[in-house]
Amino acid sequence: MNENQEYLFAQPGKHSIGGRFTRHCGTHKLPTNDALVHGSRCILMVEQGFLGLASDNGQPVLLPPGIRVWTSDARSYKRATCLDQHMVSLGPYTLIAVDEGYAAVAQNNRKRHVCPGGATHLLIHKLFEKFLRLKIQTEVEVEADQGHQCR
């Protein structure tokens, strides 16, 4: 922390801290999918296959994989969510992965929306209802009478 009461982060290695009022507050290893918070500063590493969720003045912020650093009293880290499911809830958002041969049905203000298969969809203020299978299964049974042939 420096003389202006600002929080500082140092990368791994040796550092010469100059200044009469600059002091060392602690050393921590960078956590995975967890935030290292030091005053108004935050450093976070979101792993591949995860999506982080933070809040900035009450508004949701999605954090893709990678290292994130910010200085803000208004932004706070909530959690990281694994993306191995077909449906992932992220605050007011819903992320759905729709396989080929399926469609997803969602509702927004009582209007139905159909999300096509083979893609990932981010639903904003929409209510997910269900997955629909698009493959039609039919069973055809042909009966031949004794004197007739089917062609």
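**Reading an all-strand chain**

The protein chain exposes about 11400 Å², and carbon and sulfur atoms supply 48% of that area. Areas come from the Shrake-Rupley method with a 1.4 Å probe; for residues, only the protein chains shown count as cover.

Mentor: This is a predicted model: local features need pLDDT of at least 70, side-chain atom pairs count only at pLDDT 80 or more, and totals for chains, interfaces and linings use all residues. Residues are numbered from 1 along each chain as its sequence is written, and side-chain values use heavy atoms, leaving out hydrogens and water.

Trainee: How many helices and strands are in the protein chain?

Mentor: Both are DSSP runs, numbered from the N terminus: helices are H or I with at least four residues, strands are E with at least two. Here there are zero helices and 12 strands.

Trainee: In what order do the three strands of the open sheet stand?

Mentor: Two strands pair if DSSP finds at least two bridges between them. The order is S4-S3-S6, with antiparallel pairing. Strands S4 (59–63) and S6 (75–82) stand at the edges with a single partner strand each, so one side of each lacks a neighbour in the sheet.

Trainee: How many bridges join S3 to S6?

Mentor: Seven, with S3 covering residues 50–56. Take Ser55: its bridge partner in S6 is Ser76.

Trainee: What share of the protein chain counts as buried?

Mentor: Buried means under 20% relative accessible area (1.4 Å probe, protein chains only). Of the 151 residues, 24% count as buried.

Notes. Buried means under 20% relative accessible area, exposed over 50%, partly exposed in between (1.4 Å probe, protein chains only).
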